[in-house]
Amino acid sequence: MTERWWHRATVYQIYPKSFMDSNGDGIGDLPGIISKLDYLKELGITAIWLSPVYQSPMDDNGYDISDYEAIAAEFGSMADMEELFSEAKKRSIRIIMDLVVNHTSDEHAWFVTARQQPDSPEHDFYIWANEPNELSSVFGGSAWAYDEQTQAYYLHFFSRKQPDLNWENPVLRQKIYQMMQFWIDKGISGFRMDVIDMIGKVPDQLIGNNGPKLHDYLQEMHQACLTDPDLLTVGETWGANPERAKLYSAPDRKELSMVFQFEHIGLQHETDKDKWHYTKLDVPKLKTVLSRWQTELPVGQGWNSLFWNNHDLPRILSIWGDTGTYREKSAKAFAILLHLMRGTPYIYQGEEIGMTNFPFTTVDQLNDIESLNYLTEARQAGQANDVTLDQIRMIGRDNARTPMQWTAGQQAGFTTGQPWLPINPNHQTINVAQALADKQSIFYTYQQLVRLRLEADWLIYGDYNLLDTPDQVFAYTRQWQSSTYLVVVNLSDQVQHLSLPAGIDELIITNTVLPEDLDQMKLEAWDAFCLKLIS
Ligand code: GLC
Ligand code: CA
């Protein structure tokens with residue numbers, strides 16, 4: 001395998017609206033991000049995935065783009081964006097932009113023309129039908145909306161304000177590749193591709209994800225603008241299994257660098273139910289899923305990403321970890337477990353200080369279109385509001401989107417004004433200032449993991465082996481050349497006993513006091529460590 005920079009990188013995801021506000025309007029912005037680059041440098045990350053900052057009416061917080069080559073006024077200007085590029089570069093941090101090309105905003109000039117002029121080329125950039133079929137929107141209800149002007153229905157797999165693009169149209173595809181080139185020329189290092197597995201949709205056949213031409217389009221896109229081997233491309237692919245992941249990411253297929261797979265995230269809700277039906281951590285299932293991704297995507301045949309959190313997901317500590325006594329310990333345990341696997345790790349803003357879900361109590365604290373639509377839908381289906389609110393408090397996307405907690409002070413140091421989403425009251429104890437001041441904090445565990453990845457070959461190349469241990473203990477080895485590294489994590493608050501016939505050569509990382517004796521190990525709640533074994 002030819003090594004690429006992203007094999008050793010850890011990527012940090014920024015949700016711009018919630019990261020740092022520089023001008024007191026309560027909305028995070030580009031100058032705010034620039035002001036925190038030194039903090040990110042201290043964490044050690046070498047790339048940022050920036051959620052969308054393009055011009056947008058913000059129906060879905062920027063995932064509804066009205067101009068791909070302009071910056072949303074609330075986030076700043078193109079000059080600010082260029083300054084971000086150059087300031088990041090000074091610190092050896094690369095910028096990965098979000099590429100949202102499954103749909104545009106209904107306020108994009110293409111859609112405006114498409115509606116007004118049914119004979120225009122733009123009309124065919126979207127998907128129209130005289131009658132809706134049974135396709136439904138991810139955000140609830142039908143995927144078809146009636147347009148008075150054209151007297152036809154258009155497809156929208158997300159909100160009504162996010163009409164789906166018609167990838168069958170070659171002119172449209174070229175326009176997208178040109179737009180990608182525009183950003184590459186400005187110096188970005190790649191793209192995170194929003195719901196990219198939907199671009200091959202065939203609505204007539206009720207096909208949304210994984211349509212027949214998906215990989216043809218990705219290969220064409222690669223040829224058009226992604227041939228520079230230093231570009232990182234990561235596809236958001238909800239339906240990926242290891243076989244599909246190879247189609248996307250095997251280097252010789254020339255499509256993407258890696259995928260975000262969601263099989264482990266799927267374990268957060270009951271099998272065969274929608275995402276709102278939360279279920280607690282099933283460690284044996286988690287071991288099965290994550291281990292399959294480690295073993296079925298061998299080096300050279302594809303590449304995976306590693307993540308617990310993003311802007312669509314609840315905070316991992318609130319879902320599967322401990323937000324009380326063992327908050328710090330469980331946060332470090334999840335970090336150690338994941339970051340020592342093979343793949344490119346992603347840290348979502350606030351994860352590195354152990355941020356948690358928000359204690360939402362009223363509907364007016366919510367902003368996310370998906371949660372708000374679900375409230376209406378569930379009410380219509382006869383579910384009591386407080387039951388729905390419980391579900392949203394656990395799973396809703398706003399949990400990841402409350403402002404970054406910088407200090408214990410006013411508005412957590414995020415803004416001098418009124419924040420667009422409420423600040424978590426726990427910012428008094430959970431904040432960056434506190435984390436930086438405490439050498440034992442979660443932050444420094446992440447810092448250590450990020451640094452380790454930059455230098456350790458075994459993290460990239462080492463073979464993975466799941467060990468047979470008590471249910472709640474997740475233990476594996478990574479074997480590289482003549483060295484073996486052992487990772488042991490107690491994913492519970494119960495004491496666990498296990499025995500491994502091996503000797504300790506070197507401690508790599510831990511959140512606990514190292515056991516002296518590996519064949520008589522007693523693991524306390526959420527203990528986690530990695531050791532190099534005597535060979
Ligand atoms: C992706 C994004 C999500 C967005 C959706 C529609 O899943 O991560 O935030 O709502 O696509 O663009
Ligand atoms: Ca602002």
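This is a predicted model: local features need pLDDT of at least 70, side-chain atom pairs count only at pLDDT 80 or more; totals for chains, interfaces and linings use all residues.
Residues are numbered from 1 along each chain as its sequence is written, with chains lettered from A and ligands numbered from 1 in the order in which they are written. Local features need pLDDT of at least 70 and side-chain atom pairs count only at pLDDT 80 or more, while totals for chains, interfaces and linings use all residues, and side-chain values use heavy atoms, with hydrogens and water left out.

Select the calcium ion (ligand 2), which is coordinated at 2.3 Å by Asp21 (OD), Asn23 (OD1), Asp25 (OD), Ile27 (O) and Asp29 (OD); donors are N, O and S atoms within 2.8 Å of the metal (3.2 Å for Na, K and Ca), and the site may look incomplete because water is not among the atoms. Along the chain, these donors follow the spacing D-x1-N-x1-D-x1-I-x1-D. Colour next by relative accessible area: Asp25 is partly exposed at 34%, whereas Asp29 is buried at 3% (buried is under 20%, exposed over 50%, partly exposed in between, with a 1.4 Å probe and protein chains only).

Now select ligand 1 and the 14 residues that surround it, the closest being Asp60, Asp194, Glu236, His311 and Asp312 (a residue is near if one of its heavy atoms lies within 4 Å). Show distances from oxygen atoms of ligand 1 to side-chain N or O atoms: 2.7 Å for Asp194, 2.9 Å for His103 and 3.0 Å for Arg192, where a polar contact is a pair of N or O atoms within 3.5 Å.

Technical notes
A polar contact is a pair of N or O atoms within 3.5 Å; within protein, one must be able to donate a hydrogen and the other to accept it, and residues adjacent in sequence count only if both atoms are side-chain atoms.
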